[in-house]
Amino acid sequence: MPYPLAFALTLLVELPLYTAALTALGRVSAGRAVAAATAVNCATHPLLWWFLSRFTAGAPAAYWTAFTLAEAAVCVVEALLVRELVRPARVAPAPALTTAVTANAASVLAGLLLTTW
């Protein structure tokens, strides 16, 4: 999948999820939630794509190991970043991480479904 399509798909899937969760969890305005979700994806998605591109020519096991570890790291980074970006709203660490994991899992699933179709 070309990078622009992958990034667009990520935003299409993750922005509504982040927005719904952040507005419910931290009394954050929808506009601020969309801005925070966009910012965290702009920070993590290009780096993830670059990192994973280093494993595409190798063994599938190496790619999927790197993919799993990198996605886990992305979830932690996004949770930390989104908490900072929506301050002064009080979004606790566990719900922020749950939101990041849910959003990223949904976009990974959408990407896998799209590429296997």
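Helix α2 bends by about 25 degrees at Cys42, a kink that lies shortly before the proline Pro46. The bend at a residue is the angle between axes fitted to the seven residues ending there and the seven starting there. Helices are DSSP runs of H or I with at least four residues, numbered from the N terminus.

The model is predicted: local features need pLDDT of at least 70, side-chain atom pairs count only at pLDDT 80 or more, and totals for chains, interfaces and linings use all residues. Residues are numbered from 1 along each chain as its sequence is written, and side-chain values use heavy atoms, with hydrogens and water left out.

The expected span is 1.5 Å times one less than the number of residues in the helix.

| Helix | Residues | First to last C-alpha | Expected span |
|---|---|---|---|
| α2 | 24 residues | 34 Å | 34 Å |
| α4 | 24 residues | 34 Å | 34 Å |

Helix α2 (residues 30–53) crosses α1 at roughly 140 degrees, and the two axes come within 8 Å. Axes are lines fitted to C-alpha atoms, for helices over the stretch in contact, and angles run from 0 to 180 degrees between N-to-C directions. Residues of α1, among them Phe7, Leu11 and Tyr18, meet residues of α2 that include Cys42, Pro46 and Trp49; contact means heavy atoms within 4.5 Å. The residues of this contact comprise 15 nonpolar, six polar and one charged. Here Ala, Val, Leu, Ile, Met, Phe, Trp, Tyr, Cys and Pro count as nonpolar, Asp, Glu, Lys and Arg as charged, and the others, Gly among them, as polar.

Among the buried residues of α2 are Ala37, Asn41 and Leu48. Buried means under 20% relative accessible area, exposed over 50%, and partly exposed in between (1.4 Å probe, protein chains only). The cover over the buried residues of α2 includes α1 and α3.

In α4, the buried residues include Ala103, Ser107 and Gly111, and the buried residues of this helix pack against α1 and α3. Beyond its neighbours within four places in sequence, Val13 is in contact with Ala106, Ser107 and Ala110.

The loop between α3 (60–85) and α4 (93–116) holds Pro88. The peptide bond from Arg87 to Pro88 is cis, with omega near 10 degrees. In general, most peptide bonds are trans.

Terms used. Helix = DSSP H or I, 4+ residues; strand = E, 2+ residues; numbered from the N terminus.
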